[in-house]
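Student: I have a model open and a list of terms to learn. Can we go through them one by one?

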Amino acid sequence: QVQLVESGGGLVQTGGSLRLSCAFSGRAFSMYDISWYRQAPRKEREFVAVIRRSAANAVYADSVRGRFTISRDNAKNTVDLQMNSLKPEDTAIYYCNADGRPRGYLEVWGQGTLVTVSS
């Protein structure tokens, strides 16, 4: 059974940095594309970034491109999201998503980690 556990959230001032981590437990980590999503209060969940299973391709939402960097370590079964130049509008619960459906595996969500950026 696949499980995802996010960590690294917290309170940071505008312009600061945080590094989120998503720990994957289970089989076949390299078969999953891993994404980060976020949900701000009273808003719908939105895509932030995805890194493909080969780690050769990453895609970012326009709102975070140039400030956030997603990376994965297929040996450690982890995916990190380095967030720099944080803004108050980045405040949200950040969720890790593992999608292996194109290759016959599952889609799994983590429980989320809260990021608060103070102005």
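Tutor: Start with the rings. Phe 24, Phe 29, Tyr 32 and Tyr 105 form one aromatic cluster. The model is predicted: local features need pLDDT of at least 70, side-chain atom pairs count only at pLDDT 80 or more, and totals for chains, interfaces and linings use all residues. Residues are numbered from 1 along each chain as its sequence is written, and side-chain values use heavy atoms, without hydrogens and water.

Student: What makes Tyr 32 and Tyr 105 a tilted aromatic pair?

Tutor: Their centres are 5.7 Å apart and their planes 55° apart. Rings of Phe, Tyr and Trp (its six-membered ring) pair if their centres lie within 6.5 Å; planes under 30 degrees apart are stacked, over 60 edge-to-face, the rest tilted. So this pair is tilted.

Student: Why is Tyr 32 called buried, and what is Tyr 105 called?

Tutor: Buried means under 20% relative accessible area, exposed over 50%, partly exposed in between (1.4 Å probe, protein chains only). Tyr 32 has 2%, so it counts as buried. Tyr 105 has 34%, so Tyr 105 is partly exposed.

Student: What makes Asn 97 and Glu 107 a polar contact?

Tutor: Their side chains are joined at 3.0 Å. A polar contact is a pair of N or O atoms within 3.5 Å; within protein, one must be able to donate a hydrogen and the other to accept it, and residues adjacent in sequence count only if both atoms are side-chain atoms. Asn 97 is also buried, at 3%.

Student: How do you know that Arg 45 lies over the face of Tyr 95?

Tutor: Arg 45 is 3.8 Å from the ring centre. The rule asks for NZ of Lys or CZ of Arg within 6 Å of the ring centre and within 35 degrees of the ring normal. The charged end of Arg 45 also sits over the ring of Trp 109, 4.6 Å from its centre.
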